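Colleague: Can you walk me through the labels you put on this one? I'd like to see each set against its cut-off.

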Amino acid sequence: MRYPYKYLCHSIQKEPINISCRHLTSVVNCDKCRRKSIVFIRYSGAHLCCDHFCNLVERKTKHELRRQIDLNKRGARIAVAVSGGKDSTVALYLIHKILGERKDLDLCALTVDEGIDGYRDSSLPIVASTCRKLGIEHLVVTFRELFGTTMDEIAESSRQLATCSYCGVLRRAAMNRAAKDWEATHLATGLNLDDTAQSILMNFSRGDVERLARLGPHKRVQNYLVPRIQPLRSVPESETLLYAVVNKLEFHDLECPYASEALRNSYRSVLSQLEDKYPGTRHSILRSYEEILPALEKLYPPAELRRCSCGEPTMSRKCKACELLESLATGRPT
Ligand code: SF4
């Protein structure tokens, strides 16, 4: 695999190289042992070798899993949403590594095929291969079978919103539906620290305080909604990439053809500039959010969810996915 060294550790810019632990080894020793370090973690100032770096990521993930799921309760069924990208692949691998030994717990991988030609079709075999290696059941649901359309068709149609706005809503509905069919008690996603900090900033900037209160992970079981958990929410994106590389995990690294339309890109760029200048910014944003979350939850307690005619949860008469599909079919605004 070829990645710019800078993307991996924000260290010195080097030419893209074929990455392995040997290539990443620097002249500086690990702060925890005498082996050569492979990464400098800027926000903590630590130089870590491969083993201590992996321990760090695994510890953070285990801590989040403990906070987000009651592991003393038997019979958990965790569906992991896996697109095949580095984050969801690492989430699946780590959940399996941390909880895989438990006989009272079931795990499956869930992939949503949005119907994006040349993109999703190339990631599906990679997820299937990872699941085979780990011995995990792999379920695939498609926009075509659930909604009678694909993202390519939606992108070509006359529409009012950006492509990703349709994709995000429909994908969430597809994941929830498939997780419910599998009788999942939790739906795990590969959201990392960068994604989480971006979502917090986005909702603040748009003044969407109510949505900010409901970002997840979900602590409460609500009607028709499988609670979502985010085991990688305190692991930065660069660390999920490095973890995937040093553990030789196979993942899909093509960019979605519609990615340039995503509003999130502007927040990603602002946040990455801030992190470059002030290491630890993403952690501070998450910490501040967690501190004000109890107040936000008081202001916006979880609404009583109703059942849309499609079976999905909604706060009004119709769920957002049905509203969007109807507006595409009729040309009327949502
Ligand atoms: Fe969907 Fe947009 Fe992500 Fe592509 S970039 S998979 S269209 S949300």
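This is a predicted model: local features need pLDDT of at least 70, side-chain atom pairs count only at pLDDT 80 or more; totals for chains, interfaces and linings use all residues.

Modeller: Residues are numbered from 1 along each chain as its sequence is written, and side-chain values use heavy atoms, with hydrogens and water left out.

Colleague: Why is L274 called partly exposed?

Modeller: Buried means under 20% relative accessible area and exposed means over 50%, with partly exposed in between (1.4 Å probe, protein chains only). L274 has 32% relative accessibility, so it counts as partly exposed. The residue sits in helix 12 (residues 264–277); helices here are DSSP runs of H or I, at least four residues, and strands are runs of E, at least two, numbered from the N terminus.

Colleague: What makes strand 5 largely enclosed?

Modeller: In strand 5 (residues 77–81), 4 of the 5 residues are buried, so the rest of the structure largely encloses it.

Colleague: How do you know that strand 5 and strand 8 pair?

Modeller: Pairing takes at least two DSSP bridges between two strands. Strand 5 and strand 8 (residues 186–188) have 3, in the parallel sense, and V80 has A188 as its bridge partner in strand 8. Strand 5 is also joined to strand 6 by 5 bridges, again running parallel, with A109 as the partner of V80 there.

Colleague: What makes helix 9 mostly covered?

Modeller: Of its 13 residues, 10 are buried, among them L193, I200 and M202.
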